[in-house]
Amino acid sequence: MRIILFGPPGCGKGTQGDLISKKYGFPKISTGDLLRHEVQEGTPLGKKAEVRMAKGELVNDEIVIKMIKKRIAQPEYKKGYILDGFPRNVIQAQMLEEVSQEQAEAVIEIYLNDQTAKNRLGARRICSCCGAIYNLFVKMPDKEETCVTCGEKLNLREDDKPEVIKERLKVYYEQTESLIDYYKRKRIYYRVDGEGTIETVFRNICSILDEKIANSREVKFAQ
Ligand code: AMP
């Protein structure tokens, strides 16, 4: 099954993507994580992406589609995958269909109001070494501001600073929100409320996916 997760920054795509991956066994691909890795490694691609990411702007479409194409061509993605943060606009959505040659089965928007997004992102901390994510409200290690796994310092992500959050939300409404109509027309669009607890949001996503899986089994059985 191919699942696309999208929603405003802070809606919990990454967290929910990990939970879906664990339960259903499809690997997750996060373009944000892939780009941050390139930046950290100081690769030519990372250098190109870094400036735009720090400003909260989208990275060039060609760069991200190239990364996605390389990933989904690998054998472990044959049975399906979860896309977190891709596509971010209609051009990327069209490019995805071209490279995967198939349509996703479920596109799930996790919606959230702007104030909650700002509060959540401002409270997010990331481990400078292993990339583990913490939140001042939900999950913090006992020893303030150090990672439980590797003991390294936790930082506020460059793009979680208030002025960059503002730009990321603007980019979301100007470019990514258009995916709603795009996928509604394809009849694969679903929407869940991202305001609830991690468990509630996950339960709602699972209901959608379980129904999709049951329906596809019925269709196969009838054939
Ligand atoms: P995320 O971790 O998904 O919030 O992404 C962090 C940043 O990476 C975004 O603000 C963009 O600058 C960049 N990025 C991630 N995914 C994409 C994408 N599909 N297209 C363009 N830029 C992206």
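The model is predicted, so I keep its limits in view: local features need pLDDT of at least 70, side-chain atom pairs count only at pLDDT 80 or more, and totals for chains, interfaces and linings use all residues. Residues are numbered from 1 along each chain as its sequence is written, and side-chain values use heavy atoms, with hydrogens and water left out.

**Entry 1: C129**

I looked up C129 and got 46% relative accessibility, so C129 counts as partly exposed. C129 sits in the loop between β5 (124-127) and β6 (133-135). Helices (H or I, at least four residues) and strands (E, at least two) are DSSP runs, numbered from the N terminus. Leaving out residues up to four places away in sequence, I find C129 touching Q40, C150 and E152. Contact here means heavy atoms within 4.5 Å. I also checked Q115, 14 residues from C129 along the chain: their C-alpha atoms are separated by 29 Å.

How many disulfides does a search of the whole structure find? It finds zero. The criterion is a pair of cysteine sulfur atoms within 2.5 Å. For C150, the nearest cysteine sulfur is that of C127, 3.4 Å away. C150 is partly exposed, at 31% relative accessible area. For C206, the nearest cysteine sulfur belongs to C11, 16 Å away. C206 has 6% relative accessibility and therefore counts as buried.

**Entry 2: helix α7**

I compared the span of α7 (residues 162-176) with expectation. Next I listed the buried residues of α7: V164, I165, R168, L169, V171, Y172 and T176. They cover an arc of only 160° around the axis, so they lie on the same side of α7. The arc is taken from the directions from helix axis to C-beta atoms. P162, E163, K166 and E174 are exposed on the other side of α7. The cover over the buried residues of α7 includes β1 (2-6), α3 (44-55) and β4 (106-111).

**Entry 3: α2 against α4**

I looked up how α2 (residues 31-41) packs with α4 (residues 61-72): the angle is about 105° and the axes are 11 Å apart. This makes α2 roughly perpendicular to α4, a label for angles of 65 to 115 degrees. T31, L34 and L35 of α2 meet I63, V64, M67, I68 and R71 of α4.

Key. Buried < 20%, exposed > 50% of the residue type's maximum accessible area, 1.4 Å probe, protein only. Axes fitted to C-alpha atoms, helices over the stretch in contact; angles between N-to-C directions. Parallel < 35°, antiparallel > 145°, perpendicular 65-115°, else oblique.
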